[in-house]
Amino acid sequence: MSLPTTELKSILLAKRATLLGEEKQVAQLESKCNTLDAVDAAAKLTEFNNQTALINRQTQKLKEINSALKNLARADYFRCKECGGDINKRLAIMPTASLCVACQENREEVGKH
Ligand SMILES: [Zn+2]
């Protein structure tokens, strides 16, 4: 049995809203930096760099969420993109997953070399 797509969709939309909210905070931080003196700005810059790294990761996640939202309507959303195995259980925990655990691990293993 497949997971209810409406539920998955609301999970994905909520995740996306959180990510977008955090991006807004970084933008605010950036504009604050412009009004600080040098010492404060240096401290803020470190914070800002950390945030930027975080945002880059989140932008990637956002892409995954958007494509998951797009794929949600397709029958193969519930199938592993590599082996075609059922990934319902995985999607329940991670709605942006596109591979089964075995294929995901395989891919990460290949990525290391
Ligand atoms: Zn697989």
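1. Helices here are DSSP runs of H or I with at least four residues, strands are DSSP runs of E with at least two, and both are numbered from the N terminus. Counted that way, the protein chain has four helices and zero strands, and its pattern along the sequence reads α-α-α-α.

2. A word on what you're looking at. This is a predicted model, where local features need pLDDT of at least 70, side-chain atom pairs count only at pLDDT 80 or more, and totals for chains, interfaces and linings use all residues. Residues are numbered from 1 along each chain as its sequence is written.

3. On overall shape, the C-alpha trace of the protein chain spans about 60 × 40 × 15 Å along its principal axes.

4. How much of the chain is buried? Of its 113 residues, 8% count as buried. The cut-offs work on C-beta atoms placed from the backbone: 20 or more others within 10 Å means buried, 12 or fewer means exposed, and in between is partly exposed.

5. Contacts are worth a look too. Two residues are in contact if their C-beta atoms, placed from the backbone, lie within 7 Å. Taking contacts between residues at least 6 apart in sequence, 46% join residues at least 24 apart.

6. Ile65 is the one to click on in helix H2, which covers residues 38-71. Ile65 is buried because 20 other C-beta atoms lie within 10 Å. Leaving out residues up to four places away in sequence, Ile65 touches Leu12, Lys15, Arg16 and Thr96. Ile11 is 54 residues from Ile65 in sequence, yet their C-alpha atoms are 9.7 Å apart.

7. Leu12, over in helix H1, is one of those partners of Ile65. Is Leu12 buried, partly exposed or exposed? Leu12 has 19 C-beta neighbours inside 10 Å, so it counts as partly exposed. Besides Ile65, Leu12 touches Ala68, Leu69 and Pro95, again not counting residues up to four places away in sequence. Leu12 and Ala68 sit 56 residues apart in sequence and 7.9 Å apart in space, C-alpha to C-alpha.

8. Thr6 also belongs to helix H1, residues 5-33. Thr6 has 9 other C-beta atoms within 10 Å and is therefore exposed. From Thr6 to Ala73 is 67 residues in sequence and 9.9 Å in space, C-alpha to C-alpha.
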